[in-house]
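This report covers one protein model.

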Amino acid sequence: MVRDFNIAENVEDIGFYAGFIGASFMVGRALTSVFWGIVADRYGRKPVILFGTFIVFTFNILFGLSLNYWMAIITRFLLGSLNGILGPIKAYASESVNEEYQSIAMSTISTSWGIALIVGPAIGGFLAQPVEKFPGIFSSEGLFGRFPYFLPCLCTSLLALITGIISLWLPESLHMHDKNVPSHSVSYEALEDRPGDCNGNESTLTNESKELPSKPSLFRNWELMSSIIVYCMFSLHDMAYVEIFSLWTVSSRTLGGLSFTSGDVGEVLAITGFSLLVFQSALYPYVERIFGPIMVSRVSGILSIPLLAMYPLLSLFSGAVLHIIVTLASILKNLLSVSIITGMFIIQNRAVDQHQRGAANGIALTGMSICKAIGPAAGGALLSWSQKRLNAAFLPGPHMLFFILNVIEAIAVVMTFRPFLVPRRN
């Protein structure tokens, strides 16, 4: 899309400009996430969810009809700033089930988000430029000929419209529980050392943990804030990776890429999305019950580092073998990433009472959005820079690219240990 806007002077600069389109959405969301969280705490989760799905329907269509690069930037920015759905959705999930099923509820949210990040680019890869791919169905003189990237945007907008209609029957969760009942916040030691209790043995945890004083200021709740900091670091890495993966795989081999077509990338991401659904719905709750959310996040981050270090070596393969290896690597990487994010969701929502969950998730979403705004822009810029240093003596081309991603991941892993992720003080 950026290529067709003719704003990039060189092919190597396309990733740089594409990154800013991805970043504009996150900048908009960072500016308004706390506001939408407060609205959700005051007026309910459902109104914010309904309004958010309507905004997705409207501005996704406008993005597909973008006439130039700056219209694309503005529509993505407005979509991010007016759509406050993610924070209230996380609060809704934690409030709609008992403590015993919270790991399943949180894994559902992170799985939905992870699958969307995978299936979304897959839809784009399959349906973009339909006149070229399906000339017998779409005319070059019609709407889809003038706007070659409108069809995938239209499809996702229709999905949002259907979702919004279904959401009309959602029950409100804000007043489900008695506000006088203290929340079952779980300490760091319980989450890490007694993972089995994360899924329902509330009496055991209550006996082992002293009653925590109420803290009106969320910024003084260090259990919450430390988990948000770790969450933001992992989010920075994930968004940079998502941006880089699609651009790197379609880059030519002369630039250090894999010379995939958009359809090839769509196939890889579609298979990855299905694998995420199976893992998070069937296996993650049991893994979390055994090891606890902190340990699962930590080990997943550690395993991601050697996996990413092997990515530059994928160019040694070709043909069907290359497609199989790239698909397996993508599946494993995204399973690890979603496991990390799910663990952070669980910790964050257990760190606050119900009446503060909307605002708490808004704060988390603001920090995450800032990092995710930096991620695509930085990822695109790093890819362009790495393609200009293919003959460097130290970490040439994609080796430097994935090395920098691993540095960010390593920092995030270190932050899962004390004193970064610490227990709430009495």
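The side chains of threonine 272 and serine 330 form a polar contact at 2.9 Å. A polar contact here is a pair of N or O atoms within 3.5 Å; within protein, one must be able to donate a hydrogen and the other to accept it, and residues adjacent in sequence count only if both atoms are side-chain atoms. The model is predicted: local features need pLDDT of at least 70, side-chain atom pairs count only at pLDDT 80 or more, and totals for chains, interfaces and linings use all residues. Residues are numbered from 1 along each chain as its sequence is written, and side-chain values use heavy atoms, with hydrogens and water left out.

Two residues can be set side by side by place and accessibility.

Buried means under 20% relative accessible area, exposed over 50%, and partly exposed in between (1.4 Å probe, protein chains only). Helices (H or I, at least four residues) and strands (E, at least two) are DSSP runs, numbered from the N terminus.

The protein has 18 helices and zero strands. Of its 426 residues, 54% are buried. In α5, nine of the 10 residues are buried, including Leu86, Pro88, Lys90, Tyr92 and Glu95. Contacts (heavy atoms within 4.5 Å) with a separation of 6 or more are 79% between residues 24 or more positions apart.

A nonpolar core is a set of buried Ala, Val, Leu, Ile, Met, Phe, Trp, Tyr and Cys residues joined through side-chain atoms within 4.5 Å. The largest has 44 residues, and those touching the most other members are Leu218, Leu224, Ile228, Val230, Tyr231, Phe234 and Phe345. Elements giving two or more residues to this core include α5 (86-95), α12 (222-250), α13 and α16 (319-350). Another core, of 24 residues, lies apart from it, with Phe260, Val265, Leu269 and Leu307 among its members. Leucine 218 touches Leu224, Met225, Val352, Gln356, Ala359, Ala360 and Ile363, leaving aside residues up to four places away in sequence.

The accessible surface (Shrake-Rupley method, 1.4 Å probe; for residues, only the protein chains shown count as cover) is about 18,700 Å², with 69% belonging to carbon and sulfur atoms.
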